[in-house]
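Here is a short briefing on one protein model and its ligand. Look at the ligand site, then at the sheet.

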Amino acid sequence: LTQLFRPLDMLGFVYRTIRQGLIDMAAMFKLIDTEVEVADAPGAPALVVTRPVVTFDDVVFGYEPDRTILHGLSFEVPAGGHYAIVGPSGAGKSTIARLLFRFYDPWSGRILIDGQDIRAVTQDSVRAAIGIVPQDSVLFNDTIGYNIAYGRDGAGHEDVVRAARDAAILPFVESLPQGFDTEVGERGLKLSGGEKQRVAIARTLVKDPPILLLDEATSALDSRTEEDILTTLHTVSEHRTSISIAHRLSTVADADRILVLEAGRLAESGRHGELLRKGGLYADMWARQQTENEALDEAAE
Ligand code: ATP
């Protein structure tokens with residue numbers, strides 16, 4: 001039996017460094033069945049990020065040969081910029097995130113981080129540069145400390161404490177009799193949705209990634225908790241480049257720029273106010289959402 005498990009251990013070792021990213025991506029984009037399709041170029045160097053600029057240059061992509069999903073998409077998120085991607089369901093928002101994380105390569109066009117084509121550097125280095133904050137995180141049946149330290153191999157206690165502080169969960173952890181050694185999940189303490197989300201944010205912050213990819217559909221949380229988490233996310237995004245994939249519009253109003261995607265094309269882009277004045281797709285989506293919210297409020301009364 002030991003012989004049987006040895007290769008599995010090896011696999012575990014090989015995949016450990018990328019597994020967390022995969023788990024979070026899986027949670028974020030329901031990718032659990034997706035095979036990793038790309039390979040490193042022979043002798044590929046690591047990505048070096050000094051200015052975390054993210055560039056999509058005329059990117060064409062589809063999952064199947066006869067169905068194009070992104071039709072020549074171009075945009076650039078400057079270093080330290082906070083961009084949001086919105087658009088109707090199926091427009092290709094999550095696809096952009098998957099391509100940036102290099103689950104797939106574009107059919108044509110290029111994706112660059114700090115001027116380097118992500119196909120020319122190692123996948124590990126690309127994934128190490130991007131922190132993912134999924135809406136629904138997977139925690140291990142282990143201690144809070146382990147769950148946070150998992151974000152980066154070799155993370156020490158100091159790093160874990162700092163990440164927990166930045167994710168605004170340190171006071172909560174310190175209030176527990178066993179602190180970071182508290183077991184969570186089925187074996188231990190059941191965390192609330194908001195606490196789980198904060199542990200996941202801390203896990204991402206332990207990587208100290210220059211780029212954050214946020215899934216802002218925090219709909220599983222009540223609106224007060226959602227607001228608190230968003231405040232934390234805004235704080236931790238401050239010195240980083242961030243891209244929010246927004247399935248709803250309520251969270252994007254203060255983005256530096258909103259990219260409005262429609263059927264794999266950039267329909268319009270700008271700040272919230274500009275887009276409302278323009279009276280295009282974004283203004284329509286906004287108006288529709290307001291009506292829906294009012295209907296929900298009325299139903300709740
Ligand atoms: P939503 O807001 O509903 O999550 P989205 O804008 O994120 O939508 P994507 O998930 O990027 O949309 O999907 C874009 C298109 O690609 C959809 O039509 C979808 O059916 C298709 N698609 C997504 N994943 C795959 C896949 N693995 N294989 C084939 N087609 C896919």
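In this predicted model, an oxygen atom of the ligand is 2.8 Å from an N or O atom in the side chain of Lys-93. That is a polar contact, meaning a pair of N or O atoms within 3.5 Å. Local features need pLDDT of at least 70 and side-chain atom pairs 80 or more, while totals for chains, interfaces and linings use all residues. Residues are numbered from 1 along each chain, and side-chain values use heavy atoms, without hydrogens or water.

- A polar side-chain atom of Thr-95 lies 2.5 Å from a ligand oxygen atom.
- For Ala-91, a backbone N or O atom is 3.2 Å from an oxygen atom of the ligand.
- The protein buries 69% of the 640 Å² that the ligand exposes when taken alone (Shrake-Rupley method, 1.4 Å probe).
- The ligand is surrounded by 14 residues (a heavy atom within 4 Å), and Arg-67 and Ser-89 are among the closest.

**Sheet**
- Strands S6-S7-S8-S3-S9-S10, in that order, form an open sheet with mixed pairing (strands are DSSP E runs of at least two residues, helices H or I runs of at least four; pairing takes at least two bridges).
- Strands S6 (130-133) and S10 (265-270) stand at the edges with a single partner strand each, so one side of each has no neighbour in the sheet.
- S6 and S7 (residues 211-215) run parallel and are joined by four bridges; Ile-130 has Ile-211 as its bridge partner in S7.

**Helices on the sheet**
- Helix H2 (residues 93-100) packs on the sheet and touches strands including S3 and S8 (contact: heavy atoms within 4.5 Å).
- Helix H8 (residues 223-237) also packs on the sheet, touching S3, S6, S7 and S8.

Technical notes: Axes fitted to C-alpha atoms, helices over the stretch in contact; angles between N-to-C directions. Polar contact = N/O pair within 3.5 Å; in protein donor to acceptor, adjacent residues only side chain to side chain.
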